[in-house]
Amino acid sequence: MKVFYWLLRFLVPMVVLYGIGYYVAGFSALTFTWLVILSLLIYLGDWLILKAFGRGQGAVAKFVLDFLVAAVVIFTATMAIEGGEVPLGGALLAALLISILHTLIPDSAESATPR
C-alpha cells in the first residue's frame, strides 16, 4: 500500500503542472521530461522532509511542508528551463494545488498501525 501512496504522491505534481501549463505563462515550456524531473524533485523533497522531521506531524504541518517544498522546487528548478520562467504567483498556485491534493491522499499505512 505504501507503493501506491508514494506513486500517487509522484503523479499528482506531474498532473497539476501539466494542467496549469494551459493557464499560466511560463509553464507552457515544460515538456514531459521536465514534468517528470520536477515531479521527481518534489517527491524526493517530500520524502526527505518527512524523514528529517519524522512521521508524527499533523495534517496542517504536512500541508505546510508540502507547500513549501513544492513552491521552492517549482520556482527554482524552472529557472533552468529555457523559456520556462515561471512567475512566483504561478509557482505558489501550483504548490497550493499540489499540497491540497497531497492532503486528500489517504495514508492508510500510517493509520493502520496501532499506537
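**View 1. The largest nonpolar core, built from 28 residues.** Leu17, Phe27, Leu30 and Ile74 have the most contacts inside this core. To qualify, Ala, Val, Leu, Ile, Met, Phe, Trp, Tyr and Cys residues must be buried and joined through side-chain atoms within 4.5 Å; buried means under 20% relative accessible area, exposed over 50%, with a 1.4 Å probe and protein chains only. Two or more residues come from each of α1 (2-20), α2 (32-53), α3 (59-77) and α4 (88-104), and α1 gives the most, with 8. Helices here are DSSP runs of H or I, at least four residues, numbered from the N terminus.

This is a predicted model, so local features need pLDDT of at least 70 and side-chain atom pairs 80 or more, while totals for chains, interfaces and linings use all residues. Residues are numbered from 1 along each chain as its sequence is written, and side-chain values use heavy atoms, leaving out hydrogens and water.

**View 2. Phe27 and its neighbours.** Leaving aside residues up to four places away in sequence, Phe27 touches Leu17, Ile20, Gly21, Ile74, Val86, Gly90, Ala91 and Ala94 (contact: heavy atoms within 4.5 Å).

View 3. Rings of Phe, Tyr and Trp (its six-membered ring) pair if their centres lie within 6.5 Å, and planes over 60 degrees apart count as edge-to-face. Tyr5 is buried at 8% relative accessibility, and so is Trp6 at 10%. Together with Phe10 and Tyr43, they form one aromatic cluster.

**View 4. Tyr18 with Tyr22.** This pair is edge-to-face too, because its planes are at 85 degrees, with centres 5.7 Å apart. Tyr22 is exposed, at 61%.

Key
Phe/Tyr/Trp six-rings, centres within 6.5 Å; stacked < 30°, edge-to-face > 60°.
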